[in-house]
Protein chains: 2
Amino acid sequence: MSSSGKFECCLTSAPCFINTFILFVFRLYYFYNHWTMQVAIYFFICVDLSLALFEEPALFPLPFLLTLFDLIIYGSLEAVNIHSIRWSRALRPVFLINFPESRQIRRTFRSIRNTLPDILYVFLLFVFSVLIFSLMALKLFGDRGLQTVEGLPYFTNILDIAFELYVLVTTANSPDVMMPAYNFNWWYSLYFITYIIINTYIFMSVFLAVVYNNYRKHLKNEIRKLAYLKRHKMIEAFNILKVKVGTEFVVTEARWKQLARIVMPHISGPHLELLLRISDEGQKGHVDKMNFIRLADLLNIQVVTINIKRHPLEDWMPRVYQSSASLLVQRMVRHRIFVWVYDVIILINAIFIALDEKNPFISYAEWLFLSLYIIEILLKLYTYEPRAYFGRKQFWNWFDTLIIIAALVATVANTTIQSARKYNSQQILDIVLILRILRLLRIIVSIQRFRLIVTTLINIGPTILTFGGLVLVVYYVFAIIGMEAFHGKVQFFDPNFTTPNALVCGNPGLKDSAFARDRYCKNNFNDLASSFIVLMELTVVNQWHVLAGGFALVTHQAAKLYFIGFHVVVVILIVNIFIAFILEAFFVAYSLEKSEVETAIEKKIQELGVGIQEEEMQDGKLVDNMDAKDGGFSGDDGDNKRKALKGLYFRIASKKYRTVDALLQQMFESEIAPEDEGPSLDEILNFSAGDVYPKNPNFENSA
Amino acid sequence: MSSSGKFECCLTSAPCFINTFILFVFRLYYFYNHWTMQVAIYFFICVDLSLALFEEPALFPLPFLLTLFDLIIYGSLEAVNIHSIRWSRALRPVFLINFPESRQIRRTFRSIRNTLPDILYVFLLFVFSVLIFSLMALKLFGDRGLQTVEGLPYFTNILDIAFELYVLVTTANSPDVMMPAYNFNWWYSLYFITYIIINTYIFMSVFLAVVYNNYRKHLKNEIRKLAYLKRHKMIEAFNILKVKVGTEFVVTEARWKQLARIVMPHISGPHLELLLRISDEGQKGHVDKMNFIRLADLLNIQVVTINIKRHPLEDWMPRVYQSSASLLVQRMVRHRIFVWVYDVIILINAIFIALDEKNPFISYAEWLFLSLYIIEILLKLYTYEPRAYFGRKQFWNWFDTLIIIAALVATVANTTIQSARKYNSQQILDIVLILRILRLLRIIVSIQRFRLIVTTLINIGPTILTFGGLVLVVYYVFAIIGMEAFHGKVQFFDPNFTTPNALVCGNPGLKDSAFARDRYCKNNFNDLASSFIVLMELTVVNQWHVLAGGFALVTHQAAKLYFIGFHVVVVILIVNIFIAFILEAFFVAYSLEKSEVETAIEKKIQELGVGIQEEEMQDGKLVDNMDAKDGGFSGDDGDNKRKALKGLYFRIASKKYRTVDALLQQMFESEIAPEDEGPSLDEILNFSAGDVYPKNPNFENSA
């Protein structure tokens, strides 16, 4: 398509300047969104964040230049003898939030900020409850002279009790915290059971409920804002482009096509033709307001144009490819038994892996299995059209092929090293082992119900990754603070070292502590990677009181506040938002129906006879089906229509592959009447979450 | 009201026999629902369940007679030398499920049964994932010669690895299970982090999502069934009672009243009059079909008739009660400062409790505080009408009074014993301490936002109790199995005992085990109470692998299956259902609106001028308000109407106090059009959950 065609109107019409300007803005927008720019942004963010790897405390030493600017400030303060703590480092991940690709991270942060008032009062009540129970524990157990397993006095100090009871809420010290009292008199177990029911079960569920409710409320509000904003902008665009035909204002077909091409430069001609036929139902040569507003939705719906091409081998040597031997192979590969045979091979492979591989016979068998898998992929590529086989959404084909190629490369590399240097590279061996076992995952594909669950999980995968971004930001901030506070306090020595110093992690303060006894020396804040692993362990919660206790011993009891703060932020807020997100994603997937726009497109696709049913799209079957159609009767009714659209097939991208965002937006839009133009722009931008639901009867003042 | 009035129609009309029969059935129904019958049922259930307390293994010895029947079977088998295991005992709690009051327990059981197919496939996939990771761990770590902290070989046996990794899903052995590999090489931590993200976070959230989705689906289905069934029955009743007036079929006013009185014998006259005015809008002397169908809903809505009476003291000695000194006291008690003063007293009390009570001055202060609280209650009773003060829904007034009376009784009892026998009863002292601290909870009432959260929690309280029933049933079954399998294997010795035998819980098999080291000897299955406490600890999850490992050591490795089974049933299923229930209860409370029927009633109440706004109902304010109205102008417009209804006030019982069931039913009913008669009875009874939501796209075959 020639881009100069878009400018010819400039010579003839008045609003042309506007068009050219719009085009320029679009160009800028596309430049900004181009992958090179995004790579550059991510690169600089990585540099920014990874500074912590090189700064003191550092994992790697680094030339002076890289951290020059930061060091100038730090150094000048240091020179005048102010040992400043560079808190600016903790603010670095802010860069990760402030660019458009991290919309979801920012939304989650907004959601957290909006949830805070609601959760604050529940949290205060929870703290009040913990304090009341602490007071009770002090009175009940303080004077009994009981001892813990370590022989320490049991429940004699109100602050210690409050900390122990907070730990009990996280379940990390159950049932140990109860045992001394329970051993003394079994009635006292009732105290702990009551405490656990109220604080662990009920309060923690209430936290989840409050977080989830807010998450849903704010998500819905943002989606609503977006939906109305889109409609508002589309109406504005219509008012600019409209011309009067007869009694109504419309947009001409040429103008409509031009606009679509500006917005989506890479749209294929047939696809555009299809959308036009849907928008201009009566083929009147223009698009009315109602249909014009749908343009954004139409362009958003992934219509996959499937270019049915013959197998390259068929083009290259048709006689051989169509020979009876070749056809037999193709039929064999397409047969169900082919799949079963390979399932059995995978199972045998699994048994071989579980057996001891020191046996040379078994290690030869590995080569056999690898060859069998390679043969399978080659056979499939021979039978199915390669571009369809490696289609964008053919997750399992990609998975298979990459695993096998990686295993092949790693195995060959390992064998080469082994025969050349009589030495096994441990890293490569580990990778080979993992790849070998990951191959077994293929068995999931063969079981329909497993595949369906996994597909749902894969779909929410990308959004889980944005959660990874959120967690990264919070971890980074806490890691920097942790490194400032605990750097070098705990040393790791080689595990085989058993000198007294190594046993107390190089810090005499840890003598006889649970931290040293459990050999947690490597759980320290001496560098960023270690800090992240410690924070991961704290997120999992178990034994976090041992870690907190250890670092409190080597610094100050107040250090426990850092760990409590991390628990409140990460476990009570972020993990709950994560759970809320997974729940919502599943529920949205459950209550899914086709949108009105999609239905219109699908109907048109079916009318034109260029559609493919979704059921036919399962992996290899798609290719089968198209081959069958291609080789089938040529006299059937739909054939001419198909040719009219240049031998292309369309289908709506399966809902399975849509994001939660898109699904939610679609669900909300189905609630807006087509003729509803929505509130004014100002009102839209000032939507608050409270408008979505009827006023919350219980927490209405705290929103 | 005379019950003979209901029979007079027998002399004049034909369908009278039916009426008499219906009346008889109602009588039976009321007899069945009478509290004595319910007490009897609960008594026999308690006897049934508590049999386990007395049987071998028994907490208390018991005369032979009580367990006669069970023992006859057991004994006769024993006599012929078959040492049978009495599995029938595990079935006893079935009685708890099979009576109508436990509707919610049965519903939850049905919900669990219906959830099983869905969860099964997720669970299989989860097990598959654990096995794949186990295989990877065996290959990665098995040959490295690593050791755990206890010096045992690390990750060398696939079954041990699978168990350890299952424990890691529950987070109970994090990070210990990772440390040997992490100490060896920090890259290996990535394996564990991947495992935790996939299995602990994602799979566990998916379990919650599946359980929650099914819970909601089946709940909605049952509610829908009930709603349609009710409508169906009401239409049937209408068809029996209808007479033709003019062109339409109606029910006469007399017949309608008669029916209402049969269904609700204790309804007050004015209340019935109110309902009639709503049902017979035009005062035509009959009720049409639409309004007749609403009868059940009308009767269900708790309309509180507030009988405004004067304070008994005012009747008894009006001059004293209305004297200026008395009025000053009343005004003082009603003043905001009165509340503030007592809040300050509570805070001072809290500080005194936290201080050491050995100081005699502080122990005298206790008497002072107790007197102050008693004076407060007496003053309030003097000022407010006692029957309103102790109204059914005045939770905090009841709480206050009971706590204070109990504290008074216990303190007096303790002092008496102390002075008489120079000896402190530990139990009484403990109770006094707890009561003293519980008094501090009153501070919550003074903070509006706290009170609102607590009220929500109190409302879901009764349903949480039915969950207690469900948990009781499951615990009972597992306790019986556990007692059969592990009885006597672990002995508890006095904690001060330090003989070698006491340190290994009387079982040499536990030597050097974590179970003995942590002093878990009292966690055993030697009697029902201990078993329940062990099961509670297993529910909390932490250290469950230590308990499982201990019992496996004294019996067989297969014993771990019992603990894994308990984890799957209780933590994955029941705790998730509990969380789902709390979430749903909060969301329903959030998205609450008045039902159409309620609105109609409220409108009529307002029209008649006998309503009281809900906001006015907050605790003491209610009484204030009514007093004010009573003492106010008598010339106002509503006054005559009020007199017409015999000086009564009505209000719709606050939504805060409604059950989740009622709210859900109301939400669903608002979706049924008033003229929708619903499907046929057969169809209603065969509703399946699948009809509620659009077909589940991902798990549709597994429903």
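This is a predicted model: local features need pLDDT of at least 70, side-chain atom pairs count only at pLDDT 80 or more; totals for chains, interfaces and linings use all residues.
Figure 1. On the chain A side that touches chain B, helix α8 (residues 188-241) of chain A gives the most, with 15 residues. That side of chain A is made up of 68 nonpolar, 21 polar and 16 charged residues. How many salt bridges are found across the interface of chain A and chain B? The count is two. Zoom in on Asp430(A), which forms a salt bridge with Arg144(B); their closest N and O atoms sit 2.9 Å apart.

**Figure 2. The whole meeting surface.** Stepping back, the contact draws on 105 residues from chain A and 104 residues from chain B. The size of an interface is often given as the accessible area lost when the parts come together. Here, about 9900 Å² is buried between chain A and chain B, and carbon and sulfur atoms give 70% of that area.

Figure 3. Turn chain A by 180 degrees, with a shift of 0.0 Å along the axis, and it can be laid on chain B with an RMSD of 0.1 Å. That is the relation of a two-fold axis. Why do we say that the copies meet through the same surface? Because 99% of the interface residues of chain A are interface residues in chain B too.

**Figure 4. Paired strands in chain B.** Strand β1 (residues 243-245) of chain B and strand β2 (residues 248-252) of chain B pair in the antiparallel sense over three bridges. Look for Lys244(B), which stands opposite Phe249(B) in β2(B). The hairpin of β1(B) and β2(B) has two residues between the strands, and Gly246(B) takes a positive phi near 65 degrees there. β2(B) also pairs with strand β3 (residues 286-288) of chain B, again antiparallel and over three bridges. In β3(B), Val287(B) is the bridge partner of Val251(B).

**Figure 5. Backbone details in loops.** Check out the peptide bond joining Ser174(A) and Pro175(A): cis, with omega about -5 degrees. Pro175(A) is in the loop between α6 (158-169) and α7 (179-184) of chain A. In chain B, the bond from Ser174(B) to Pro175(B) is cis, with omega near -5 degrees. One more backbone angle to look at is in Arg519(A), which isn't a glycine but has a positive phi of about 60 degrees. You'll find Arg519(A) in the loop between α24 (514-517) and α25 (528-540) of chain A.

Notes
Residues are numbered from 1 along each chain as its sequence is written. Chains are lettered from A and ligands numbered from 1 in the order in which they are written. Side-chain values use heavy atoms; hydrogens and water are left out. Contact means heavy atoms within 4.5 Å. Buried area is the accessible area (1.4 Å probe) that two parts lose on being put together, summed over both. A salt bridge is a side-chain nitrogen of Lys or Arg within 4 Å of a carboxyl oxygen of Asp or Glu. Helices (H or I, at least four residues) and strands (E, at least two) are DSSP runs, numbered from the N terminus. Ala, Val, Leu, Ile, Met, Phe, Trp, Tyr, Cys and Pro count as nonpolar, Asp, Glu, Lys and Arg as charged, and the others, Gly among them, as polar. Two strands pair if DSSP finds at least two bridges between them. Copies are superposed by least squares on the C-alpha atoms of residues with pLDDT of at least 70 in both.
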